[in-house]
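Trainee: Could you take me closely through a single part of this model, with the cut-offs behind each term?

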Amino acid sequence: MVAASSVIRPAEQRLVSFDEFREAVSDAFVPLEMTSADHDDFRGVVRGVTVGAVRISEVTAAPHVIRRTPRTIRAANPDYFKLGLQVRGNCVLSQDGRETALTPGDFAIYDTTRPYQLSFDDRFRMLVVMFPRHLLRVPPDGVAQLTARRVPGGQGLGAVVTPLLRGLGEQIADASPTVAVHLGDAVLDLVAAAFAEQLHLAGGVLPQSRGDALRARVTAFLDERLADRELDLHSIAAAHHISVRHLQKMFEADCDTVSGWIRRRRLEQCRRDLADPRYRDLPVSAIGARWGFADAAHFSRLFKNAHGSTPGRYRADATPVTESTRPTR
């Protein structure tokens, strides 16, 4: 069991009322509905830091119930996973017809694109890690089995992930921008490993499925060669002794394409480099080119579609470490 302590280190923020807290939670994460048995005496606070594509927030509050409903999903539906790590108090998380109870040190994952509910029956503290869904490198069918399932913080990789996440707020507050970007990536890798363990994966794949094993080998192969502009369907299929159609069908099973998967991974690598001060003097077009985008204008369009701004604007606005009481959505 994990002793209670503060996780995120920014300057202490005042506890706010029910209405202010409800607005702060929706601003920090995604639109949510919230109820409490005692509005008048309710007090809570949300504070957090941003590292690359990962948002790490600490929520401290009085008892309440918070829901992601079809109505709030229609209001805004970004593709995010949230990992809730219980630091103090207890929580009951419900999603996808499952319900799990979290005690201090435990964590679980939930999906913002589908309804969920978090119930707190006493004052609590929770660490919430939010990140784009495509960054969690676990097979999609595996993730579907993991939502609202307790990962115990005292055994297996959970015993590694829990103290790391709890200490990360302090580490990030003191880290250089370059280190902060890599810390965010480390969080995602370790979280993926913990959930892979929960699925009893061997080498990152489901042992009962040869198809999943092959898919994992292919994606590992692609990750190692993202910078290769000559990467194409025929060379990928030949390297794994399968037909091009077999290769395509593997990705179609996840409602994806090979080219789409490669493009997203390349754009994510570009985003990391644009936020990394070590590459500040490298032209935007050169960053695109080093990850396989030979046409600068095409790279700029793809990047804007994926991240909402041009590569140059993203670099100018990039702030790997951000502290606030109510971060923007």
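Mentor: What follows looks at one strand and its pairing partners. This is a predicted model, in which local features need pLDDT of at least 70 and side-chain atom pairs count only at pLDDT 80 or more, while totals for chains, interfaces and linings use all residues. Residues are numbered from 1 along each chain as its sequence is written, and side-chain values use heavy atoms, with hydrogens and water left out.

The part in question is strand β3, residues 54–61, where strands are DSSP runs of E with at least two residues, numbered from the N terminus. Eight of its eight residues are buried, so β3 is largely enclosed by the rest of the structure; buried here means under 20% relative accessible area, with a 1.4 Å probe and protein chains only. Looking at the directions of the residues, V54, I56, E58 and T60 point one way from β3, whereas R55, S57, V59 and A61 point the other way, and all of them are buried.

As for its neighbours, two strands are taken to pair if DSSP finds at least two bridges between them. Strand β2, residues 44–51, runs antiparallel to β3 and is joined to it by eight bridges, and within this pairing S57 of β3 is the bridge partner of G48. Strand β10, residues 124–132, also runs antiparallel to β3, with seven bridges joining the two, and here V59 has M126 of β10 as its bridge partner.

Terms used:
Buried < 20%, exposed > 50% of the residue type's maximum accessible area, 1.4 Å probe, protein only. Helix = DSSP H or I, 4+ residues; strand = E, 2+ residues; numbered from the N terminus.
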